[in-house]
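User: I am new to this structure and would like to learn how to read it. Please take me through it one feature at a time.

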Amino acid sequence: MIRLSIPLRQALSRLSLPVLVALAFGTMLIGKADTVLVDRARMALSDTLAPIYAVVAQPLGAVRGAVQEARLLWAMRAENARLREENDRLHRWQAAALSLESENTLLRRQLNLVPEAPASLRTARVVADAGGTYARAVLLATGPGAEIRKGQVALDERGLAGRVTEVGSRSARVLLVTDMNSRIPVTLEGSRARAIMAGTNGDEPRLQHWPEGTRPQEGERVVTSAEASVFPAGLPVGVVHWTEGGTAEVELFARLDRLDLLRIFDFGLTGILPPEAVARPEPRGRR
Amino acid sequence: MKGRHEPAPGLLRRLDALARAAFPAVSTALLMVLVSAPVGLPSALPAVALACVFFWSLFRPAAMSPAVCFGIGLLQDLLAFAPLGIGILTMLVVHGFVLRLRRLLARQSFLVVWLAFAGFALGAALLGYLLQAGLNWRLPPPVPGVVFWVLCIGFYPAIAALLTRLHKAMQRAEDLA
């Protein structure tokens, strides 16, 4: 340890705060100027922390499971009646779906429709909340060797959840559709009108830019649109809901507040990607 | 005991002192990592980090130096995927102001300190909002800032209760040493 005179040491300690504040502004500039470097630092940190998160997630999941179990037991009777009724309804729908499917194959055979490429998927566990005060995102533990790339689509068991925005060697970050920076091309299933679903950091993203004259109907299903070739057409997103204030919002199918597992789909689409990914396109393995 | 030289600090004692000096920084970092696990709540990470920095700056400023604040701010920005620098600057500014008001605040009751912390959190939320607006060159929605402030106020008593106990224990150990 270097021995310093007391006045010098005092002066140094008084200086350290202003110097560090200046350094903070410096980091802000670096963060603005060299996003690649910052992203790499972030993913390195998440890669190191991903195993820790995975360990922590298990007891947390157990506690959450127990709470849910208790709530389920509480509501068992009502649930049972509801399920029986739903089962009846679904049986009818199943019959309808089967007849539609056979009709669909028949029509396809007549039209010589080019089938879409089959999608490959990989399931990953959500280990951490990677959003801050102004962002909605989750971190996935992907394990080494998982072929996850930027721009791939993440779905939970019910519907669209988000897109992969950053990829490390053991973790990946998924920007949720509720994030302020998320803009997703969607189709209103009833009218086939295109619109944009914009995140607001709230629970329900907003619908924007639908064509004049086709007002989204309350309860209408919203699915992804293949425009901009970022998503395949027809992934389930949610249903339209008009607020009292008169804005059209989308009630998402995906339960973004309790994500456990996400399925990361590779549809082989190379639509709009962040700029640095466009600069060096990665070769894609042929299937 | 008078007239005798103090015994030279042994290895164990030095390790002990080192552990005590490093505890605030390490525990804060650990807590931040744990808090960012998903529980279905709005992200509590900035609130927890702010509460820890405030508490240790107030009651144990020797262990919460500006450099440590810088590190915690950086960790927060990296963990939260926030624009780099906002957390750092917030932590440093809070640390600086707490040091200024330390003589006044350290003797007050818990309630007054809590109120003061609410003021600090409001300042931090405003600063974060302004920096976010400046860095992204557009106005972010104000609700997340308010949520952050409320989370800060709500988390502080629990964190302070835990840290006060640890702080008292460390003080006792220092008195014995």
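Analyst: Along its sequence, chain B follows the pattern α-α-α-α-α-α. Helices (H or I, at least four residues) and strands (E, at least two) are DSSP runs, numbered from the N terminus. This is a predicted model, in which local features need pLDDT of at least 70 and side-chain atom pairs count only at pLDDT 80 or more, while totals for chains, interfaces and linings use all residues. Residues are numbered from 1 along each chain as its sequence is written, and chains are lettered from A and ligands numbered from 1 in the order in which they are written.

User: How many helices and strands does chain B have?

Analyst: Chain B has 6 helices and 0 strands.

User: How do I read strand pairing, and which strands does β1(A) join?

Analyst: Two strands pair if DSSP finds at least two bridges between them. Strand β1 (residues 120-129) of chain A runs antiparallel to strand β12 (residues 261-266) of chain A, with 6 bridges; here L121(A) has F265(A) as its bridge partner. β1(A) is also antiparallel to strand β2 (residues 137-141) of chain A, through 4 bridges, and A128(A) is partnered there by L139(A).

User: How many residues of chain B are in contact with chain A?

Analyst: Two residues are in contact if their C-beta atoms, placed from the backbone, lie within 7 Å. By that rule 32 residues of chain B are in contact with 39 residues of chain A. On the side of chain B that touches chain A, α3(B) gives the most, with 5 residues. That side divides into 24 nonpolar, 8 polar and no charged residues. Ala, Val, Leu, Ile, Met, Phe, Trp, Tyr, Cys and Pro count as nonpolar, Asp, Glu, Lys and Arg as charged, and the others, Gly among them, as polar.

User: Which residues of α4(B) are buried?

Analyst: A residue is buried if 20 or more other C-beta atoms lie within 10 Å of its own, exposed if 12 or fewer, and partly exposed in between. Buried residues of α4(B) include I86(B), M91(B), V94(B) and H95(B). The buried residues of this helix pack against α1 (6-33) of chain A together with α2, α3 and α5 of chain B.

User: Which residues have the most contacts inside the largest nonpolar core?

Analyst: A nonpolar core is a set of buried Ala, Val, Leu, Ile, Met, Phe, Trp, Tyr and Cys residues joined through C-beta atoms within 7 Å. The largest has 102 residues, and V174(A) and V53(B) have the most contacts inside it. α2(B) supplies the largest share of this core, 13 residues. Not counting residues up to four places away in sequence, V53(B) touches M64(B), C69(B), I72(B), M91(B), V94(B) and H95(B).
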